[in-house]
Amino acid sequence: MGEKDGLLLEKGSHQGSGGQKASWRASYAWRLRVVDAFVVLWAVTGAFGIRFGFTELGHETAPDRDYLILSGFLVLGWWLMLEFWGSRDPRVLGSGSEEYKRVVASSAWLFGFVAIVSYAIRVDTARGFVGLAFPAGVMGLIAGRWLVRQHLSIERRRGLSSSQVLIIGGKHSAAHLVRSLLTAPAAGYQPIAAHVPGEANQADFSEIGVPVTGTQSDFDSILSAIVSSDADTVAISAGVNIHPQDLRRLGWELAARNIGMILAPALTDIAGPRIHTQPVAGLPLIHVSTPKLTGGKRVAKRSFDLIAAGGLATLLAPLFVILAILVKITDGGPIFYKQERIGIRGTTFNMLKFRSMKVNADHQLQALLQAQGRVDSPLFKVENDPRITPLGRVLRKYSLDELPQLFNVLNGTMSLVGPRPQREGEVALYDDAAYRRLYVSPGMSGLWQVSGRSNLSWEESIRLDLYYVENWSLMNDILILLKTFKAVFKSTGAV
């Protein structure tokens, strides 16, 4: 399910109304089972071969024969644990980080169980064997799931392998849900029609964006609309004019017809970790926790920044030297460009870049903004900027000018992932909502950069940054970094 498009609490089996519609789920699940089997077999066999070798397997006194039996049980147990842990559940496939979390959690529980049993019965399990199999298998499983997900994403963008959704709700809430689902085709929910109970028959429904099947609010009319639309999933949006008893009956009927049922509350940009459901008197009450990047979460983020940025800086050291020489010989000016930006809680710092503009380019900014009528825009960005050098255009195209910000990450003024740091004049144009961007450290990359980079509007950028601030998780940071490489190599809309 797409976390950034609001909460979708799914009820029922969600298997579709017909075999043909549900076939993509079965096909995808079996694809994952094959990939998982290959990966766990590769990881365990490889660890066994590296630790013990295969040359003396036939010898009766070979000390590794027991480990051969253990390897067989480990392969089977690992494959089954991935199934039992719900890592192949259709609700978590295709988008978001929940699938990867379940893969890691199921693997960790399995190896933790092996360690406990080994200790309890005093079996000396070779640490090298387990120490090789576990990380290799987890990384292999995540890589395999990512590759399969890319194929599914391509299919969904073509309109295939997606749930066909009928939306039931008020006109405005239905229109919002349609727009949200259409912006995330990889999530696998394709709105095909809407039913708007209680609305006037003569109302203008063009804003909804899909055909409207009717406005009647009685149970039979709603059920008829579901059947006529041939949907395999029904989404009940906020503000729907349906009696609670009819909604309950609808749930029973949909379950009997094997049609998925989704409840979409009027909550926007709230991710799963902040959502907690508590049943009270038969009602599923939804609790939304307050976002806080403090304590252990802050330590985890900072530790990840130090390790990853330190590793990248070391790995890219030769490239730093080459780029520094090229910038210097371009016009003899400074290698680095320093600019004061606004960081966490409104503090200021100097952000580093490889210089991509002519010397003293800042003095020309105001005149260029005035010429293009962008002085009052929160994004001080000049179209077809004449100040950029030929080398600078190449550096910006592939975001190579941003690499020195790794040193900003190491000194704590920036993070690898976070809202993009802006100038003081831009921050002065913030409204109350935009100020929430300053609750976390600014980042080299961020959610809006990988969602469209500078091609996004200011409003869209703010919405994505606020989503990141209020729904932070370390796994999402890792996913954003992985998407960053893809966005950079596409070299469109560089920031």
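A residue counts as buried when its relative accessible area is under 20%. The structure shown is a predicted model.

**View 1. Salt bridge between Glu402 and Lys353.** The side chains of Glu402 and Lys353 meet in a salt bridge, with an N to O distance of 3.8 Å. This pair links distant parts of the chain, 49 residues apart: Glu402 belongs to the loop between helix H11 (390-397) and helix H12 (405-410), whereas Lys353 belongs to strand E10. Glu402 has a relative accessible area of 5% and is therefore buried. Lys353, at 10%, is likewise buried.

**View 2. Hairpin of strands E9 and E10.** Strand E9 (residues 336-342) pairs with strand E10 (residues 348-354) in the antiparallel sense, over seven bridges. Within this pairing, Lys353 of E10 stands opposite Tyr337. Five residues lie between the strands of the hairpin, in which Arg345 takes a positive phi near 55 degrees.

**View 3. Salt bridge between Arg145 and Glu99.** A salt bridge joins the side chains of Arg145 and Glu99 at 2.9 Å, N to O. Arg145 lies in helix H4 (residues 127-157) and Glu99 in helix H3 (residues 98-120), so the pair ties together parts that are 46 residues apart in sequence. Arg145 is buried, at 0% relative accessibility, and Glu99 is also buried, with a relative accessible area of 0%.

**View 4. Salt bridge between Asp246 and Arg249.** The closest N and O atoms of Asp246 and Arg249 are 3.8 Å apart, forming a salt bridge. Both residues lie in helix H7 (residues 244-256), three residues apart, or about one turn of the helix. Arg249 is partly exposed, with a relative accessible area of 39%.

Methods. Residues numbered from 1 in each chain as written. Predicted model: local features only at pLDDT ≥ 70, side-chain atom pairs only at ≥ 80, totals over all residues. Heavy atoms only, no water. Pairing = 2+ DSSP bridges. Helix = DSSP H or I, 4+ residues; strand = E, 2+ residues; numbered from the N terminus. Salt bridge = Lys/Arg side-chain N within 4 Å of Asp/Glu carboxyl O. Buried < 20%, exposed > 50% of the residue type's maximum accessible area, 1.4 Å probe, protein only.
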